[in-house]
Amino acid sequence: YYIVAFIVLIIFGFIWPILPISGGTTMASDSGDTLAFALDVLRHSILPALSLMAVGIGGWFIGMRALVSNIVTEDYVTYAELGGVSRRKILLSYVMRNALGPQVTGLALQLGAIFNGAIITEQVFGYPGIGLLLISAVHAGDYSLVLGITTVSIIGVSVAVLMIDLLYPLVDPRVENRS
């Protein structure tokens with residue numbers, strides 16, 4: 001995460017300086033203009049979010065390519081091709097539907113790593129988030145705050161995994177939701 005964060009920082013902060021490179025905002029929250037403040041916060045969050053997503057999307061594409069290359073050699077895909085089914089229908093109905101299930105499961109497993117990456121990314125960009133608060137609490141020896149942040153992170157990841165599990169039958173209809 002930190003390597004991608006430094007690359008994004010160099011490209012969009014120094015070579016092509018279109019986005020702010022540090023901090024969470026440049027204006028005070030009590031300035032009165034709520035829309036301008038929200039847009040400023042959004043501008044400051046683009047680079048950290050981009051660096052977090054770039055790592056995840058790269059891994060997702062590599063995994064999806066490997067899954068698709070295995071699925072296209074399956075017998076049911078060959079049978080559909082011989083049966084005259086269009087390539088578009090084969091790709092969407094057979095290949096992508098069977099490749100999306102493992103990818104959604106992988107997303108659920110990667111949510112904890114995204115929290116770890118957020119801690120590093122917030123340090124690189126000086127972004128005032130939960131990761132920067134955690135590092136400050138560790139340096140200050142505030143173990144109750146460290147425990148609280150860890151608990152909130154565990155609850156957040158657990159709720160996200162639960163939501164993915166509940167939505168999984170929409171991706172793979174072979175799985176029944178018996179709740």
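## About the model

Residues are numbered from 1 along each chain as its sequence is written. Because the model is predicted, local features need pLDDT of at least 70 and side-chain atom pairs count only at pLDDT 80 or more, while totals for chains, interfaces and linings use all residues; side-chain values use heavy atoms, with hydrogens and water left out.

## Helix 2 against helix 4

Let's start with helix 2 (residues 34-71) and helix 4 (residues 87-125), whose axes lie 9 Å apart at an angle of about 155°. Helix 2 is therefore roughly antiparallel to helix 4. Helices here are DSSP runs of H or I with at least four residues, numbered from the N terminus. Axes are lines fitted to C-alpha atoms over the stretch in contact, and angles run from 0 to 180 degrees between N-to-C directions. Angles under 35 degrees count as roughly parallel, over 145 as roughly antiparallel, 65 to 115 as roughly perpendicular and the rest as oblique.

The crossing of helix 2 and helix 4 is right-handed (the near helix is turned clockwise from the far one by less than a right angle). Helix 2 brings residues including Leu 47, Ser 51, Trp 60 and Ile 71 to this contact, and among those they meet in helix 4 are Val 95, Asn 98, Ile 114 and Phe 125. Contact means heavy atoms within 4.5 Å. The residues of this contact divide into 16 nonpolar, six polar and no charged. In this scheme Ala, Val, Leu, Ile, Met, Phe, Trp, Tyr, Cys and Pro are nonpolar, Asp, Glu, Lys and Arg are charged, and the others, Gly among them, are polar.

Helix 1 (residues 2-15) packs on helix 2 at an angle of about 130°, with 9 Å between their axes. That angle makes helix 1 oblique to helix 2, and their crossing is right-handed. Val 4, Ala 5, Val 8 and Phe 12 of helix 1 touch Leu 47, Leu 50, Ser 51, Ala 54 and Val 55 of helix 2. By class, that gives eight nonpolar residues, one polar and no charged.

Helix 1 also meets helix 4: their axes come within 9 Å and cross at roughly 30°. The two are therefore roughly parallel, again with a right-handed crossing. Here Tyr 2, Ala 5, Phe 6 and Leu 9 face Ile 120, Val 124 and Phe 125 of helix 4. This contact has seven nonpolar residues, with no polar and no charged ones.

## The salt bridge

How many salt bridges are there? The count comes to one, using the rule of a side-chain nitrogen of Lys or Arg within 4 Å of a carboxyl oxygen of Asp or Glu. Arg 87 pairs with Glu 81, their closest N and O atoms being 3.6 Å apart. Arg 87 is exposed at 67% relative accessibility, and Glu 81 is partly exposed at 41%. Buried means under 20% relative accessible area, exposed over 50% and partly exposed in between (1.4 Å probe, protein chains only).

## Two residues to look up

Val 72 sits in the loop between helix 2 and helix 3 (75-82) and is partly exposed at 39% relative accessibility. Not counting residues up to four places away in sequence, Val 72 touches Val 77 and Val 95.

Leu 133, in helix 5 (residues 130-140), is partly exposed with a relative accessible area of 41%. Leaving aside neighbours within four places in sequence, Leu 133 contacts Leu 145 and Ile 149.
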